[in-house]
Amino acid sequence: SRQEHRRDGLSMGRLSGKVVAITGASSGLGAVLAAVCAGEGARLSLFARNAEKLAETARACQEAGGEALVVVGDVTRPEDGQRLVAETAERYGRIDYLIANAGVSMWAPFAAVEDIDLFRKLVEVNYLGAVYCVHPALPHLEQSGGAFVAVSSVQGKVGVPLHTGYAASKHALQGFCDSLRMEVQDAGVSVTTVQLHWLRGTNLRKNAFGGDGRALGETSRKHSEESVTLEDASRAIVNGMIGRERQLYIPGKLKWLVGANALCPTLAEWLIKGKVSRED
């Protein structure tokens with residue numbers, strides 16, 4: 001929808017006056033999500049390790065009509081999550097949405113894993129990284145009646161070969177969110193988990209761990225045409241968090257895979273293995 005603009009240049013969209021903190025905002029989905037939120041009038045707090053790329057995201061947000069604060073830090077450090085919340089609250093006086101988007105993947109058979117420590121790293125980024133940020137943010141979300149949005153994967157619901165550690169970390173995130181939702185709903189806080197398909201236009205697969213514990217880099221293959229664009233995924237996430245959805249499947253057909261896995265796991269496994277073999 002066409003956004004109106006105030007004289008100060010900020011958008012008067014559906015997120016006008018709302019404060020949105022996004023982890024992993026330096027590139028890929030996080031950067032596009034930030035720009036989409038800015039176009040809806042949000043005031044952004046952008047968190048990641050790369051200061052230079054965060055500055056680029058901030059400029060894109062400002063060009064889209066939003067306001068942006070840059071906070072450099074690592075989601076695997078609890079003190080950095082606390083600093084994200086503290087600096088955001090100090091700058092804006094409130095937090096309405098926290099989007100836990102930072103993530104890392106893997107692409108290797110379990111038997112071929114040489115550096116078992118990659119499993120710890122996956123849990124630290126994909127699961128604990130969300131915990132470390134939402135814990136200090138929760139009082140602010142309760143005060144604003146806000147929302148916690150965890151960008152997960154359909155692998156938080158079903159297992160996928162070559163992704164044992166990644167799927168495990170996303171299952172942990174899903175269980176955490178499902179439990180947290182019941183604890184905070186009476187305080188007016190919503191919890192949304194985003195069940196994503198593969199995305200194209202990101203470095204997630206390039207940065208994924210191989211069996212040696214190193215990033216795959218240029219040896220990784222590009223995603224198939226079934227993957228989702230960053231723009232489509234971002235707009236669906238923004239719509240879902242504004243609508244306070246519980247589970248958001250992108251694309252929507254993924255819910256049928258989850259249903260098939262519950263009713264006939266052997267069929268679901270056959271479908272999943274076929275998809276992965278075409279991606280590998």
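In this predicted model, helix 4 passes helix 5 in a right-handed crossing.

**Helix 4 against helix 5**

Helix 4 covers residues 118-144 and helix 5 covers residues 164-184; they pack at an angle of about 20 degrees, with axes 7 Å apart. Angles under 35 degrees count as roughly parallel, so helix 4 and helix 5 are roughly parallel to each other.

Which residues of helix 4 meet helix 5? On the helix 4 side you'll find F119, L122, V123, N126, Y127, A130, V131, V134 and L138. Facing them from helix 5 are T164, G165, Y166, S169, K170, A172, L173, F176, L180 and V184. Sorted by class, this contact holds 14 nonpolar residues, four polar and one charged.

**Helix 1 against helix 6**

Now for the other pair. Helix 1 (residues 28-39) packs on helix 6 (residues 230-242) at about 55 degrees, and their axes are 9 Å apart. That angle makes helix 1 oblique to helix 6. The crossing here is right-handed. Helix 1 brings G28, L29, V32, L33, V36 and C37 to the contact, while helix 6 brings L230, E231, A233, S234, R235, I237, V238 and M241.

| Helix pair | Angle | Axis distance |
|---|---|---|
| Helix 4 and helix 5 | about 20 degrees | 7 Å |
| Helix 1 and helix 6 | about 55 degrees | 9 Å |

Next up is S45, which sits in strand 4 (residues 43-48). Is S45 buried or exposed? Its relative accessible area is 0%, so S45 is buried. The S45 side chain makes a polar contact with the side chain of T88, at 2.6 Å. Leaving aside residues up to four places away in sequence, S45 touches V20, A21, I22, L69, V71, L84 and T88. T88, then, is both on that list of neighbours and the polar partner of the S45 side chain.

**G13 in its loop**

Finally, look at G13. Where is G13? Find it in the loop between strand 2 (11-12) and strand 3 (19-23). With a relative accessible area of 17%, G13 falls under the 20% cut-off and so counts as buried. G13 also pairs up in space with A42: the two are 29 residues apart in sequence, and their C-alpha atoms are 7.9 Å apart.

Definitions and conventions. Residues are numbered from 1 along each chain as its sequence is written. This is a predicted model: local features need pLDDT of at least 70, side-chain atom pairs count only at pLDDT 80 or more; totals for chains, interfaces and linings use all residues. Side-chain values use heavy atoms; hydrogens and water are left out. Axes are lines fitted to C-alpha atoms, for helices over the stretch in contact, and angles run from 0 to 180 degrees between N-to-C directions. Helices (H or I, at least four residues) and strands (E, at least two) are DSSP runs, numbered from the N terminus. Angles under 35 degrees count as roughly parallel, over 145 as roughly antiparallel, 65 to 115 as roughly perpendicular and the rest as oblique. A crossing is left-handed if the near helix is turned anticlockwise from the far one by less than a right angle, and right-handed if clockwise. Contact means heavy atoms within 4.5 Å. Ala, Val, Leu, Ile, Met, Phe, Trp, Tyr, Cys and Pro count as nonpolar, Asp, Glu, Lys and Arg as charged, and the others, Gly among them, as polar. Buried means under 20% relative accessible area, exposed over 50%, partly exposed in between (1.4 Å probe, protein chains only). A polar contact is a pair of N or O atoms within 3.5 Å; within protein, one must be able to donate a hydrogen and the other to accept it, and residues adjacent in sequence count only if both atoms are side-chain atoms.
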